[in-house]
Amino acid sequence: MLESIALGYFCCALTVSLFSFGKRISYLNALTISIFLTPISGLIAVLKSDRFLRVSHYITRYQCPQCKMEFTEPHIVCPHCEEKKLQIDLHQIKHLQII
Ligand SMILES: [Zn+2]
């Protein structure tokens, strides 16, 4: 009888800690709170924590329209095409980077 209650308690704690994915609280912290401070406290802690922050910013690259090579630094003409005696102006492109 006591073992089934303990097993149910532990399963509730595990279930509550699964809700921590995508939140700022870690799975281990949610599990610890759920085990030592009851699963109801763990559920409150998980629901009160915010979602992960996603930081995004644009990075500027320079691409040659002829050979499609990308460069991180600006050049007046494409160095790769310049070896073939072509003078191709680079186009500035922006990539969205999400961290
Ligand atoms: Zn080129």
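What do the buried residues of α1 pack against? They sit against α2 (27–36) and α3 (38–48), where contact is taken as C-beta atoms, placed from the backbone, within 7 Å. The model is a predicted one: local features need pLDDT of at least 70, side-chain atom pairs count only at pLDDT 80 or more, and totals for chains, interfaces and linings use all residues. Numbering runs from 1 along each chain as its sequence is written.

Helix α1 covers residues 2–18, 17 residues in all. (Helices are DSSP runs of H or I with at least four residues, strands are E runs of at least two, and both are numbered from the N terminus.) From first C-alpha to last, α1 reaches 24 Å, close to the 24 Å expected at 1.5 Å a residue; the expected span is 1.5 Å times one less than the number of residues. Its buried residues are Ala 13, Val 16 and Ser 17. Down the helix axis these fall within an arc of 100°, so they line one face of α1; the arc is that of the directions from the axis to the C-beta atoms. Over on the other side, the exposed set includes Leu 7, Gly 8 and Cys 11. Here buried means 20 or more other C-beta atoms within 10 Å of a residue's own, exposed means 12 or fewer, and partly exposed is in between.

Most residues other than glycine have a negative phi. Lys 68, however, has a positive phi of about 65°, and Lys 85 has one near 65°. Lys 68 lies in the loop between β1 (56–63) and β2 (70–71) and counts as exposed because it has 9 C-beta neighbours inside 10 Å. Lys 85, in the loop between α4 (79–82) and β3 (91–98), is exposed with 6.

Terms used
Contact = placed C-beta atoms within 7 Å.
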